[in-house]
Amino acid sequence: MNGMRFVVAALLLCGCNQVFGLNPTEALPPTDAQYFDAPPDAPFTCPPAGTLPQFSPVLHQIQQNCRFYTRSADWATAECRDMPTRMAQGAPDGPFASIGGLEDDFPFTYENPQLAPEGDELFVRYSDPGAATGEIKVFRRSGNSWTEAGAVSINGVTITAEVAFGTPSRAPNRRMFVSNYDISEIREIELDATYHGTVVATYTPQEVDTFLRSQPNLTPDGLRIIFSVGGAGRDQVGYGDRASLADRFTFQLLPDAPTGETPFLTEDCGRLYFSAASSVLWVQQ
């Protein structure tokens, strides 16, 4: 984390291009003319499968020390380190306030909040870090309040205390990526209305990236994922897409995307959020 703070502090002195490797002279992958020739006021859209989205180097900041930022159209949640209750919520561009009722109860902790695209369900890890098993609890939203609605179960898989999971896609046929601490397998599951999960695909760490730093976050349509990886001397952003839910993902790196913790991509690929320098930052397509 100290290294990440140094990188973003250096940003203020050296400029976005030098710090994040945003070199405008570097060769870019082949582009889709229809996607990139849209008029300036056109709505954002994601590129076709197999084509990488591209983002402006201009950074925007939400000045709160948070990670695991996820959002719907009108709401956002995050795990924040600058408030008594780390589970936090607010408008998409902040500010964020503590979620009442989700306070840690030592030794049990709430971590890794992931908001459903509809904005009405929140998936949270609840565990004793010293225990063998944990839970992915689900809370349902009413205004600013959340009520426990159930817990995720997965056919043939024990959920450990260090379970990691990404942002789910839209219901029904809600998908989510889940792995236990050993990351021996990265599982894509499909959840039913009772939060019971069936494994629909598995990936090895080598298929995604040997140095996976965060679980893949799905876009609401389930056709794109975004995640953080290490290696090559610095963190990078991993990206995957597919043509339909029946297909497996193909993975690439976003070579010019700024990097930080727990990246999150909006459904229209219009914004890429990430956490760095004790802030939530975002760039625009």
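The structure holds 21 salt bridges, a salt bridge being a side-chain nitrogen of Lys or Arg within 4 Å of a carboxyl oxygen of Asp or Glu. This is a predicted model, in which local features need pLDDT of at least 70 and side-chain atom pairs count only at pLDDT 80 or more, while totals for chains, interfaces and linings use all residues. Residues are numbered from 1 along each chain as its sequence is written, and side-chain values use heavy atoms, with hydrogens and water left out.

Arg 67 takes part in a network of salt bridges that also links Glu 79, Arg 81, Arg 86, Asp 104, Glu 111, Arg 125 and Glu 261. With Glu 79, the closest N and O atoms of Arg 67 are 3.0 Å apart; because Arg 67 lies in strand E2 (residues 66-71) and Glu 79 in strand E3, this pair ties together parts that are 12 residues apart in sequence. Strands here are DSSP runs (E, at least two residues), as helices are (H or I, at least four residues), both numbered from the N terminus. Glu 79 is buried, with a relative accessible area of 2%, where buried means under 20% relative accessible area, exposed over 50% and partly exposed in between (1.4 Å probe, protein chains only). Arg 67 also forms a salt bridge with Glu 261, the closest N and O atoms being 3.5 Å apart, and since Glu 261 lies in strand E19, this pair ties together parts that are 194 residues apart in sequence. A further salt bridge, at 3.8 Å from N to O, joins the side chains of Asp 74 and Arg 141, linking the loop between E2 and E3 to strand E8 across 67 residues. Asp 74 is partly exposed at a relative accessible area of 45%, and Arg 141 is partly exposed at 22%.

Glu 261 leads on to the sheet that contains E19. This open sheet of 4 strands has the order E1-E21-E20-E19, with antiparallel pairing, two strands being paired if DSSP finds at least two bridges between them. Strand E1 (60-62) and strand E19 (261-265) stand at the edges with a single partner strand each, so one side of each is left without a neighbour in the sheet. E19 is joined to strand E20 (residues 271-276) by 3 bridges, and the bridge partner of Glu 261 in E20 is Ser 275.

Strand E3 (residues 76-80), which holds Glu 79, pairs with E4 in the antiparallel sense over 4 bridges, and a hairpin joins E3 to E4 through 6 residues. Ala 78 stands opposite Ala 88 in E4. Both faces of strand E4 (residues 87-90) are covered, with Met 87 and Gln 89 buried on one side and Ala 88 and Gly 90 buried on the other. E4 is joined in turn by 3 bridges to strand E5 (residues 96-98), again antiparallel, and Gly 94, in the hairpin of E4 and E5, takes a positive phi near 80°.

Of the 15 residues in the largest nonpolar core, Phe 123 and Val 152 touch the most other members, a nonpolar core being a set of buried Ala, Val, Leu, Ile, Met, Phe, Trp, Tyr and Cys residues joined through side-chain atoms within 4.5 Å. Strand E8 (135-142), strand E12 (174-179) and strand E13 (186-191) each give two or more residues to this core. Apart from it lies another core of 13 residues, among them Met 83, Ala 88, Val 280 and Trp 282.
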